[in-house]
Amino acid sequence: MYAIRAASLFVCLLLLAETANAQDSPVVYKDVSESAGLQLGGGAVCWSDFDNDGWVDVCAGAVWKNNQGKSFTRLGELAPGSAVAADFDNDGFVDLFSWSSMKLFRNDGGKEFVEVPLPALPRIGSRGAVWADLNNDAFVDLFVGGYEGSEQSLLVLINEGGKSFRIERSEGNHATRGVTACDFDRDGDVDVYVSNYRLQPNLLWLNDGKGGLKEVAGEYGVIATKPGFGGGHSIGASWGDFNSDGLIDLFAGNFAHVDGRGDQPKSRFLKNLGEEKGFKFEDLGPCGVHYQESYASTSVADYDNDGNLDLFFTTVYGVASFGRRNNSVLFRSDGEFAVKDVTAAANLAGLPPTYQSAWADYDNDGDLDLTAAGKLFQNQGASHAWLKMRLNGDGKTINRSAIGAQVRVKLGDKTVTRQVEAGTGEGNQSDLTLHFGLGDHKGPVSVEIQWPNRSLQTVTDVETNRLLTVDYMKSGS
């Protein structure tokens, strides 16, 4: 009898060990670019479902149609270049603004893209732009950054009812790289963060709700520098709730030389301190992001579905100063502003220099795939529960793409938060469909949506491992 009990106990322990190992096994990525027929090139990428068939497509120089997660085919002969996507005319189809060519393209029913005239623009060599409804009129506007050689480093184009754009603001003398936006203070309007190079301070443009922008980076603690330096060599930044407290934080990526003048400011996590502290930020420093000289573009995603937001970070050089190798890194987060390099375990080691960094679940299997260095990397499976959400504005009160909306899912003492954003890092864009890793959570969840006008909408008893579509002020489906 004792032997039988001992054998049974051994089997139980073995099963428990196998379960634990399955849960803790590293998520691995596989390069499927060639088999998918996808030619990404080396520029920034933009993921969006351009033909509304439920399979996310990608703009990478040209627009590539997703064939139900099995392959991609080029859509037409037009090559918009590097772009960001949103439905600027609220017709139900996502359009493109190419910041690389400074041209606007209207999506004609998911079949082709047609150039739309813009007003005469100043000479601007942009490295990135972001869509955001700056004046809360339900039509998304454009904030465009200008890099060196540009007449202006800040260009705001206001959308006039989906018919045309006007130049609202054109100024500045900064070496602007990345542009990204978030309603970090939850006051119902979208604010804009600008990453500047050449040791210039980064900028935070606080929105007054009517499109009036005030620069407050120093006041709010997000210059992303250290004493003795005016700023860093910032290239890309990403918003994200890194400690799952319901507040959206910021990661600023810095290229940092070591050249005899002392260490320049390294990349850093900036923690949102919430309403009690006036939504100011605490500079936490690198938090485990190990030093490489030529860090470039950032993007964030929960790649392993454990509920914590992870970080992918590219590099400008393959070999930097002193012959040191520089390669893109995938950092896994523990949910408390501490990250660990898991690049090798994820089969992403040794990637060449790139500014390409964006995420989407292109095969609709519930885990996030990665585009970087001209490659599509397929996630080979994350073991945890998940939820995807697609939000639709009504086009009258809320822009159709729901840019600026935030969604919160309560998981015990954690609040997993995501926002709909049209621009991250330097000129890239991840899918507008929100993705929530739910870790070991079992059973339905409730989700709270904060729409861009601050109105709240709750959907209860949501089953997991599925896509939930929610229209503004209507129940989910």
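Strands here, like helices, are DSSP runs numbered from the N terminus: a strand is a run of E of at least two residues, a helix a run of H or I of at least four. This is a predicted model, so to speak, in which local features need pLDDT of at least 70 and side-chain atom pairs count only at pLDDT 80 or more, while totals for chains, interfaces and linings use all residues. Residues are numbered from 1 along each chain as its sequence is written, and side-chain values use heavy atoms, with hydrogens and water left out.

**View 1. Leu-199, in the loop between strand 15 (191-196) and strand 16.** Most residues other than glycine have a negative phi. Leu-199 has a positive one, near 60 degrees, and is not a glycine. With a relative accessibility of 23%, Leu-199 counts as partly exposed; that label covers what lies between buried (under 20% relative accessible area) and exposed (over 50%), using a 1.4 Å probe and protein chains only.

**View 2. Leu-203, in strand 16 (residues 203-207).** Is Leu-203 buried or exposed? Leu-203 is buried, at 8% relative accessible area. Setting aside neighbours within four places in sequence, Leu-203 is in contact with His-174, Val-192, Tyr-193, Val-194, Asn-196, Glu-215 and Ala-217, where contact means heavy atoms within 4.5 Å. Lys-414 is 211 residues away from Leu-203 in sequence, and 30 Å away in space, C-alpha to C-alpha.

**View 3. The open sheet of three strands, in the order 32-29-35.** The pairing in this sheet is mixed; two strands pair if DSSP finds at least two bridges between them. Strand 32 (434-439) and strand 35 (467-471) each have a single partner strand, so one side of each has no neighbour in the sheet. On average, neighbouring strands of this sheet are turned by 25 degrees against each other, direction ignored. Strand 29 (residues 385-392) pairs with strand 32 in the antiparallel sense over five bridges, and Trp-386 has Gly-437 in strand 32 as its bridge partner. On the other pairing, strand 29 and strand 35 run parallel and are joined by five bridges, with Thr-469 in strand 35 as the bridge partner of Arg-390. Six of the eight residues of strand 29 are buried, so strand 29 is largely enclosed by the rest of the structure.

**View 4. The largest nonpolar core, with 45 residues.** A nonpolar core is a set of buried Ala, Val, Leu, Ile, Met, Phe, Trp, Tyr and Cys residues joined through side-chain atoms within 4.5 Å. Which residues have the most contacts inside this core? They are Phe-97, Trp-131, Met-389 and Leu-391. Strand 29 gives the largest share of this core, four residues. Another core, of 19 residues, lies apart from the largest one; Leu-204, Leu-206, Leu-247 and Phe-279 are among its members.

**View 5. Strand 23 (residues 310-315), mostly covered.** Six of the six residues of strand 23 are buried. In a regular strand the side chains alternate between the two faces of the sheet. Here Asp-310, Phe-312 and Thr-314 point one way, Leu-311, Phe-313 and Thr-315 the other way, and all are buried. Strand 22 (residues 295-301) runs antiparallel to strand 23 and is joined to it by five bridges; Tyr-295 has Thr-315 as its bridge partner. Strand 24 (residues 329-333) is also antiparallel to strand 23, with three bridges, and Phe-312 has Leu-330 as its bridge partner there.

**View 6. Cysteines, with a count of zero disulfides.** A disulfide is a pair of cysteine sulfur atoms within 2.5 Å. The sulfur of Cys-59 has its closest cysteine sulfur in Cys-46, at 6.0 Å, too far for a bond, and Cys-59 is buried at 0% relative accessibility. For Cys-287 the closest cysteine sulfur is in Cys-182, at 18 Å, again too far for a bond; Cys-287 counts as buried at 19%.

**View 7. Residues 1-23, where pLDDT stays under 50.** pLDDT is the predictor's confidence in each residue, from 0 to 100. Over residues 1-23 the model has four contacts beyond four places in sequence. For the protein, the mean pLDDT is 93, and 93% of residues reach 70 or more.

How values were computed. Axes are lines fitted to C-alpha atoms, for helices over the stretch in contact, and angles run from 0 to 180 degrees between N-to-C directions.
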